[in-house]
Amino acid sequence: MHNERSLTLAWLLLLGLTLVGAVLGNAGSPGLWVTVTVAAMMAFKGRVVIDHFLELGGAHPSIRRLVRFYAVALPVMLILTDLFGPQIAWLTTL
Amino acid sequence: MSIATPVFSAPIAPVLGRIPGNKAIWVGIYCELTEFALMFLVYFVARAHHPDAFRGGPQQLSTLAGVTNTVIMLTSSYFVARGVMAMRRNARATCLKWLTAALFTGIGYPVVKFFEVQWNVAQGLSGNGEVFQMAYYYLTFNHLVHVCWGLLGLIWVMFRTWMGAYDATDHDGLEAFACYWHATDLIWLMIFPLFYVLP
C-alpha cells in the first residue's frame, strides 16, 4: 500500500511540475536561468520516473546507472548548448 | 495469534541487482535510448547553429497539445505501474482494469497528435519548413512511432493477462512491457520541454 501511495504522489508531482513548467516557459523570456530551471525540472522529472515508475533503485547497476545518466546528461547538454552555442556551432561546421 | 499470509499476496521486494522484465527488453530500451540520444544530439547542434529559430520555436507550437500529451503519457505510465503492482498481489482482474485504463488513456496520444498536426498545417508549420520545425517533426514523429509500438505491446500483455499467463511469481513479460512504456514516457519528458517550453 505504501508503494501505491508513493507512486500516486510521484504521478501527481509529475503532473504538477508539467503544468508549472509550461506556465514558466510561456511567461519567461530566453535566458540562462530559464534554461537552467527547465533543465533542472527535466532531470528531476526523469529521476522520479526512473525511481518510482521504472523502479530501478534495486536494479542491476549497468541498467540503473545508464538510465540515470541519460536523464542527467540531456539537461546538462542543454545548458552547455546555451553557454557555449557559438563554440559548438564552430566545432560542428563542416 | 498470528495469521498466516498466503505467499502470493505478499508484495515482492525488489532484489538488488535484478534485471526488471527481461534482458531482451533492455536491449530494445538501450537501442531506443541510443536512437533518441543521436536525435537529441542533432537537436543540440541545430540549436547551437540557429539559436533564434529555437528560441522562437515553442511559440509556433500548441502548448495545449504538448501539455495534454505529457499528461496522457504520465497517466498511462502510472496506470501500467499500478497494473504491475496489482499483479504482484496476484490480483489479475484488477491488473487488467489498470491496463485497460492505460490503453484508453494511451490511445489519446496519437489522437491528440493527429489534431496537433492538423493545427500545425493550418498554421503553416511543415516538415519542409525552417530548422526548428524539421527537428520538431523528426523527433516527435519518431516518438509517436514508439508510442504506437507500445500500444500494440499493451494490447498483447492485456491479452496475456486475460488468458491467465501471468501471476504474482511469474509476470516478467508484463514487467518488460512496463519498462518499455516507462522508458518511452521518460523520452517524452525530455522532448516536451525542448520543443514546447524552452524559449
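**Figure 1. Four charged residues from two chains join up in a salt-bridge network.** In this predicted model, Glu55(A), Arg18(B), Arg88(B) and Glu175(B) are linked by salt bridges into a network. One pair to pick out is Glu175(B) with Arg18(B), whose closest N and O atoms sit 2.6 Å apart. Glu175(B) belongs to helix α6 of chain B and Arg18(B) to the segment before α1 (23–49), so this pair ties together parts that are 157 residues apart in sequence. Glu175(B) counts as buried because its relative accessible area is 6%. Arg18(B), at 24% relative accessibility, is partly exposed. Over all chains, the salt-bridge count comes to 9.

Figure 2. Arg82(B) forms a salt bridge with Glu4(A), with 3.6 Å between the closest N and O atoms. This pair crosses between chains, running from helix α3 of chain B to helix α1 of chain A. Are these two residues buried or exposed? Both Arg82(B) and Glu4(A) are buried. Glu4(A) also meets the side chain of Arg89(B) in a salt bridge, at 2.3 Å from N to O. Between chain A and chain B the salt-bridge count is 4.

**Figure 3. The interface between chain A and chain B.** Here 50 residues of chain A are in contact with 45 residues of chain B. Together the chains bury about 4,200 Å², and 76% of that is on carbon and sulfur atoms. There are also 12 residue pairs in polar contact across the interface. On the chain A side, the elements giving two or more residues are α1 (2–27), α2 (32–53), α3 (61–83) and α4 (85–91). Sorted by class, that side has 28 nonpolar, 18 polar and 4 charged residues.

**Figure 4. His182(B) touches residues of both chains.** Look for His182(B) in helix α6 (residues 172–197) of chain B. With a relative accessible area of 2%, His182(B) is buried. Setting aside residues up to four places away in sequence, His182(B) touches Val49(A), Phe53(A) and Leu54(A) from chain A, plus Ser77(B), Val80(B) and Ala81(B) from chain B.

Figure 5. Val48(A) lies in helix α2 of chain A and counts as buried because its relative accessibility is 9%. Beyond its neighbours within four places in sequence, Val48(A) is in contact with Ala10(A), Leu13(A), Leu14(A) and Phe53(A). Arg47(A) and Asp51(A) meet through their side chains in a salt bridge of 2.9 Å, N to O. These two are 4 residues apart in helix α2 of chain A, so about one helical turn separates them. Arg47(A) is partly exposed, at 38% relative accessibility, and Asp51(A) is partly exposed too, at 29%.

**Figure 6. Helix α3 of chain B.** Helix α3 of chain B takes in the 26 residues 63–88. At 1.5 Å a residue it should span 38 Å, and its end C-alpha atoms are 38 Å apart, which agrees. The helix is mostly covered, with 23 of its 26 residues buried. Just after α3(B), Asn90(B) takes a positive phi of about 70°. As for the rest of chain B, there are 6 helices and 0 strands, and 52% of its 199 residues count as buried. Among contacts in chain B with a separation of 6 or more, 84% come from residues 24 or more positions apart.

Technical notes
Residues are numbered from 1 along each chain as its sequence is written. Chains are lettered from A and ligands numbered from 1 in the order in which they are written. This is a predicted model: local features need pLDDT of at least 70, side-chain atom pairs count only at pLDDT 80 or more; totals for chains, interfaces and linings use all residues. Side-chain values use heavy atoms; hydrogens and water are left out. Contact means heavy atoms within 4.5 Å. Buried area is the accessible area (1.4 Å probe) that two parts lose on being put together, summed over both. A polar contact is a pair of N or O atoms within 3.5 Å; within protein, one must be able to donate a hydrogen and the other to accept it, and residues adjacent in sequence count only if both atoms are side-chain atoms. Ala, Val, Leu, Ile, Met, Phe, Trp, Tyr, Cys and Pro count as nonpolar, Asp, Glu, Lys and Arg as charged, and the others, Gly among them, as polar. Buried means under 20% relative accessible area, exposed over 50%, partly exposed in between (1.4 Å probe, protein chains only). The expected span of a helix is 1.5 Å times one less than its number of residues.
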